[in-house]
Amino acid sequence: MKKKLAVLGTALVLIVTMVVTLCGCSSYGKIESAFKDDGWEIVTDVDALQNDLKNQIESVAGENYKDICDVHVFKKSVLNIPTYCSILEFKSDKDLTAKFEESYKALGMTDEQIKTAVEKIQELPNVNGNCVFVGIVGLDVFKGTK
């Protein structure tokens, strides 16, 4: 009887651990690896970004983007011209969805339209799990991680 309880207890602990681990996963690790493999380098001083890239990030996540997501910036020289893109890593898929819902409401979409759009967020080419790609160059690398 004690062995059965020990096996059952161990199984429950493993199941709970697995659920917590899977729910807390971020897509960013795989994305970062893909960008590094493609020759992109991580920009560590995100606050010194070009204004165009900051404007793109703010257009997706809002002016207070630092409060709702982590910004990861990548740089690569294309024809000797520095090119930048960024990945917005939201804390969870739920936070990402909430941000899209907020944006859709601001556009004047109806609740039914918002519901339909939110259900299809993961089908967007610039969305992968809890991450959103912002930029032009590098989207092919990002899409390859889906």
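Visitor: What pattern does the protein follow, read along the sequence?

Guide: This is a predicted model. Along the sequence, the protein runs α-α-β-α-α-β-β-α-α-β-β-α.

Visitor: And how many helices and strands does the secondary structure come to?

Guide: Seven helices and five strands.

Visitor: What share of the residues count as buried?

Guide: The protein has 146 residues, and 31% of them count as buried.

Visitor: What about the accessible surface of the protein?

Guide: It comes to about 9,600 Å². Carbon and sulfur atoms account for 57% of that area.

Visitor: Now contacts. Of those between residues at least 6 apart in sequence, how many join residues at least 24 apart?

Guide: 58% of them do.

Visitor: Let's pick a helix. How many residues has H5, and what span does it reach?

Guide: Helix H5 covers residues 93–106, which is 14 residues. From first C-alpha to last, H5 reaches 20 Å. That is close to the 20 Å expected at 1.5 Å a residue.

Visitor: Which residues of H5 are buried?

Guide: Leu 96, Lys 99, Phe 100 and Tyr 104.

Visitor: Where do those buried residues fall, seen down the axis of H5?

Guide: Within an arc of 135°, so the buried residues line one face of the helix.

Visitor: Which exposed residues does the face turned away carry?

Guide: Lys 94, Lys 105 and Ala 106 sit on the face of H5 turned away from its buried side.

Visitor: What comes just after H5?

Guide: Gly 108, with a positive phi of about 85°.

Visitor: Which residues other than glycine have a positive phi?

Guide: Leu 79 is one of them, with phi of about 55°. Asn 80 also has a positive phi, near 65°.

Visitor: Where does Leu 79 have its place, and where does Asn 80 lie?

Guide: Leu 79 is in the loop between E2 and E3. Asn 80 lies in the loop between E2 and E3 as well.

Visitor: Is Leu 79 buried or exposed? And Asn 80, buried or exposed?

Guide: Leu 79 is exposed, at 79% relative accessibility. Asn 80 is exposed too, with a relative accessible area of 76%.

Visitor: Switching to charges. How many salt bridges does the structure hold?

Guide: Four. Side chains of opposite charge can pair when their charged atoms come close.

Visitor: Start with Glu 32. Which residue does Glu 32 form a salt bridge with?

Guide: Lys 36, and the closest N and O atoms are 3.4 Å apart. Glu 32 and Lys 36 are four residues apart in helix H2, residues 28–37, so about one helical turn separates them. Lys 36 is partly exposed, at 47% relative accessibility.

Visitor: What does the side chain of Asp 38 meet in a salt bridge?

Guide: The side chain of Lys 76, at 3.1 Å, N to O. Asp 38 lies in the loop between H2 and strand E1 (41–43), while Lys 76 is in strand E2 (residues 69–78), so the pair ties together parts that are 38 residues apart in sequence.

Visitor: How do Asp 38 and Lys 76 count by accessibility?

Guide: Asp 38 is partly exposed, at 35% relative accessibility. Lys 76 is partly exposed, with a relative accessible area of 23%.

Visitor: Which residue forms a salt bridge with Asp 70?

Guide: Lys 91, with the closest N and O atoms 3.3 Å apart. This pair links distant parts of the chain, 21 residues apart. Asp 70 is in strand E2, and Lys 91 is in the loop between strand E3 (81–90) and H5. Asp 70 is partly exposed, at 35% relative accessibility.

Visitor: Is Cys 69 buried or exposed? How about Cys 85?

Guide: Cys 69 is buried, at 2% relative accessibility. Cys 85 is buried, at 0%.

Visitor: Last one, Ser 27. Where is its place, and which residues does Ser 27 touch?

Guide: Ser 27 is in the loop between helix H1 (2–23) and H2. Leaving out residues up to four places away in sequence, Ser 27 touches Asn 128, Gly 129, Asn 130 and Cys 131. Ser 27 is buried, with a relative accessible area of 19%.

Conventions:
Residues are numbered from 1 along each chain as its sequence is written. This is a predicted model: local features need pLDDT of at least 70, side-chain atom pairs count only at pLDDT 80 or more; totals for chains, interfaces and linings use all residues. Side-chain values use heavy atoms; hydrogens and water are left out. Helices (H or I, at least four residues) and strands (E, at least two) are DSSP runs, numbered from the N terminus. The expected span of a helix is 1.5 Å times one less than its number of residues. Buried means under 20% relative accessible area, exposed over 50%, partly exposed in between (1.4 Å probe, protein chains only). The arc is that of the directions from the helix axis to the C-beta atoms. Contact means heavy atoms within 4.5 Å. Accessible areas come from the Shrake-Rupley method with a 1.4 Å probe; for residues, only the protein chains shown count as cover.
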